[in-house]
Amino acid sequence: MSAELKAEVPISPEKIEKAASSTAQSAKSFLSGGFGGMAAVLVGQPFDLVKVRLQTTEGVYKSTGDCFKQILKKDGIFGLYRGMATPLASITPIFAVSFFSYDLGKKIVTSFRSDKTERPLNLAEITFAGAFSAVPTTLFMAPSERVKVLMQIQGQGGEQKYKGPLDVVRQLYKEGGVRSIFRGTGATLLRDSPGSAAYFVAYELIKKGLTPAGAKPDDLSFGSVIFAGGMAGVAMWSIAIPPDVIKSRLQSAPAGTYTGMLDCLQKTIKIDGPRALFKGLGPAILRAFPANAATFVGVEYSLKAMNMMF
């Protein structure tokens, strides 16, 4: 019996180079997202803490300014950074996953083009890539947010239920297993998928609008990156607050308070009125510009550094 050996078709150097470039770009997106995440936490933590406290309490604070004032009076400047260990440890990889997933989303929409060209993405393609980025990110974001929220709201009545983030995880697991740790995952995705679409669309459009004729968007000035990144954050949080309120209430309430997102929404409106869905909008918008300006400065300049190295 004879068999013919089929000759292997050699892979062209161009394809090898393209695959290597794509892998390197994905790695850079992941690492730059991590740098952006660290910058966002350091700048935005005080505003995020105030947002969560306004969303999860009733009648304790008169306004955003009053909340800041009470925290500073009771706990000092370090009180504004309560619960920062969790986001600093988690937001860094979460932002890394987010920007990696956004890069992956862009590759997915490009692969579905009939002509397979690598022209700039259109508005619909950027929207898809942005919304897609929230799906993998939510798997990490939801439990991180659960721990962060519980750390941020404790101490308001003088009690200290948790010793730290790991103690929160331990007690949540004891209380209701993995399901308790991941409570609020649906609300997190509901917040972050349209929010991330708005986030990346706003950034790409503003970047394009600020780019001088004949120049590349990657060559924007420091000030332009700050403005585009800051406005991207404002665009996201302008639409993300209602689901964020539901998420915060679901994640901070004692077990059994709500049966799900819809139940939480109905009870929130019934007890506190529709305006309750916009609690925390002030500190969220105040935080959005500086925190996300810092994010994109971290992303863009770490990318430039990596592009010079490899």
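# Reading helices, pockets and cavities

Author: Let's start with contacts (heavy atoms within 4.5 Å): in this chain, residues 24 or more positions apart account for 77% of the contacts with a separation of 6 or more. This is a predicted model, where local features need pLDDT of at least 70, side-chain atom pairs count only at pLDDT 80 or more, and totals for chains, interfaces and linings use all residues. Residues are numbered from 1 along each chain as its sequence is written, and side-chain values use heavy atoms, with hydrogens and water left out.

Reader: OK, how many helices and strands are there in the chain?

Author: Helices (H or I, at least four residues) and strands (E, at least two) are DSSP runs, numbered from the N terminus. Here you get nine helices and zero strands, so the pattern along the sequence reads α-α-α-α-α-α-α-α-α. The C-alpha trace spans about 80 × 60 × 35 Å along its principal axes.

Reader: What angle do helix α4 and helix α7 pack at?

Author: First, the idea: axes are lines fitted to C-alpha atoms, for helices over the stretch in contact, and angles run from 0 to 180 degrees between N-to-C directions. Now the case: α4 (residues 123–153) and α7 (residues 222–252) pack at about 70°, with axes 9 Å apart. That makes α4 roughly perpendicular to α7; the label covers 65 to 115 degrees, while under 35 counts as roughly parallel, over 145 as roughly antiparallel, and the rest as oblique.

Reader: Which residues make that contact?

Author: From α4 come Ala142, Glu145, Arg146, Val149, Leu150 and Ile153, and from α7 come Lys247, Ser248, Gln251 and Ser252. To sort them by class, count Ala, Val, Leu, Ile, Met, Phe, Trp, Tyr, Cys and Pro as nonpolar, Asp, Glu, Lys and Arg as charged, and the others, Gly among them, as polar. The contact of α4 with α7 then has four nonpolar, three polar and three charged residues.

Reader: What is a pocket, and what is a cavity?

Author: Picture a 1 Å grid over the protein atoms alone. A cavity is a set of points where a 1.4 Å probe fits but cannot get out, and a pocket is an open set with protein on both sides within 12 Å along at least five of seven lines. Lining residues have an atom within 4 Å of a point. Grid points are joined across faces, edges and corners, and a volume is the space filled by probe spheres set on the points.

Reader: How much space lies in the largest pocket?

Author: About 1,600 Å³. It is lined by 37 residues, and the closest to its centre are Gln25, Asp103, Lys106, Leu121 and Glu204. Two or more residues each come from α1 (13–56), α3 (85–111), α4, α6 (185–210) and α9 (281–309). The largest share, seven residues, is from α3. By class, this lining has 13 nonpolar, nine polar and 15 charged residues.

Reader: And which residues are closest to the centre of the second largest pocket?

Author: Those are Arg179, Arg183, Gly184, Tyr258 and Thr259, out of 17 lining residues. The space in the second largest pocket is about 330 Å³. Helix α5 gives the most to this lining, with four residues. The classes here are seven nonpolar, seven polar and three charged.

Reader: How many cavities of 30 Å³ or more are there?

Author: The count comes to two. The largest cavity holds about 440 Å³ of space. Its lining has 28 residues, with Ile91, Phe95, Met141, Met236 and Arg287 nearest the centre. Helix α4 gives the most to that lining, with seven residues. The second largest cavity has a volume of about 30 Å³, and around it sit Tyr203, Lys207, Pro217, Asp218, Leu220, Val225, Glu300 and Lys304. Those residues divide into four nonpolar, no polar and four charged.

Reader: Last one: is Thr110 buried or exposed?

Author: Buried means under 20% relative accessible area, exposed over 50%, and partly exposed in between (1.4 Å probe, protein chains only). Thr110, which lies in helix α3, is at 19% relative accessibility, so Thr110 counts as buried. Leaving out residues up to four places away in sequence, Thr110 touches Thr117 and Leu121. Over the chain, buried residues make up 47% of the 310 residues.
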